[in-house]
Amino acid sequence: GSISCSQQPRRDETNGSMTMAWRVPKHVACRYAEERGEGRKVRVRAAPSWNPQNVPDPEVMPTVAMSARQAVSAQLLALRQVDEPRPDHGIQVMYVFANDGGGMERSRYFGYSKDIYHFDHFLGGFRNAFPELLNLQDFQIVDEMETGPGEAVVNASIVDRKGAEAGKFAFVMGKRTYGTLKDCWLTDRIERG
């Protein structure tokens, strides 16, 4: 839909002149800007600091202190009750541990090329690719192998929500080399073993 803005005259307190200021609805997310010229001032509110999906960060986040094995365990524990403490929390945990999550490049996280820039894209992809991991009953980390500097594969055996053996899953892990998650073990992709 369209966004309507209202224009209202305001007195500039610094010099007493009248200026026109545009009022933008609070739900509009745009950068802060001021434009001055010809007796006119335009203000637009700053981008929101809240999550656009109106949920806080997940309760489990990657840390530098986690090994690759601990990072995989944290993700699988979150998938045991995928909708606790809120809907899709377990998948949100998987997303923050996804090395390509939020990136502009296409990802091979699911074994094929997919855009996972937005959480919604990841959510649908994860539900379709790995339904047996959702609300899993149990898991066991079978082994962990370092495949190179900052690279590892962690194999996990999964028991699905119905109590059936779902098989092994290989978490191909990499250490992030930049940003706020620098040196954290994150998942590059998940493969059925």
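I started with Gly90, which counts as buried because its relative accessibility is 0% (buried is under 20% relative accessible area, exposed over 50%, partly exposed in between, with a 1.4 Å probe and protein chains only). This is a predicted model, where local features need pLDDT of at least 70, side-chain atom pairs count only at pLDDT 80 or more, and totals for chains, interfaces and linings use all residues. Residues are numbered from 1 along each chain as its sequence is written, and side-chain values use heavy atoms, with hydrogens and water left out.

Next I looked up where Gly90 sits: helix H2 (helices are DSSP runs of H or I with at least four residues, strands are runs of E with at least two, numbered from the N terminus). Leaving out residues up to four places away in sequence, Gly90 touches Ala78, Leu79 and Val82 (contact means heavy atoms within 4.5 Å). I also checked Glu59, 31 residues from Gly90 along the chain; their C-alpha atoms are 9.5 Å apart.

**Helices**

How many residues of H2 are buried? Eight of the eight are, so H2 is largely enclosed by the rest of the structure. Those buried residues pack against H1, H3, E7 and E8.

Then I checked the length of H1, residues 68-80. At 1.5 Å a residue its 13 residues should span 18 Å, and the end C-alpha atoms are 19 Å apart, which agrees (the expected span is 1.5 Å times one less than the number of residues). The buried residues of H1 include Ala78 and Leu79.

**Core**

Beyond four places in sequence, the contacts of Leu76 include Leu133, Ile158 and Phe171.

**Rings**

My search of the whole structure turned up ten aromatic pairs (rings of Phe, Tyr and Trp, its six-membered ring, pair if their centres lie within 6.5 Å; planes under 30 degrees apart are stacked, over 60 edge-to-face, the rest tilted). Tyr95 and Phe122 make a tilted pair, 5.2 Å centre to centre with 55 degrees between the planes. Tyr95 is in H2 and Phe122 in H3, so this pair ties together parts 27 residues apart in sequence. Phe110 and Tyr112 have ring centres 6.1 Å apart and planes at 25 degrees, so they are stacked. Phe110 is buried at 8% relative accessible area, whereas Tyr112 is partly exposed at 40%.
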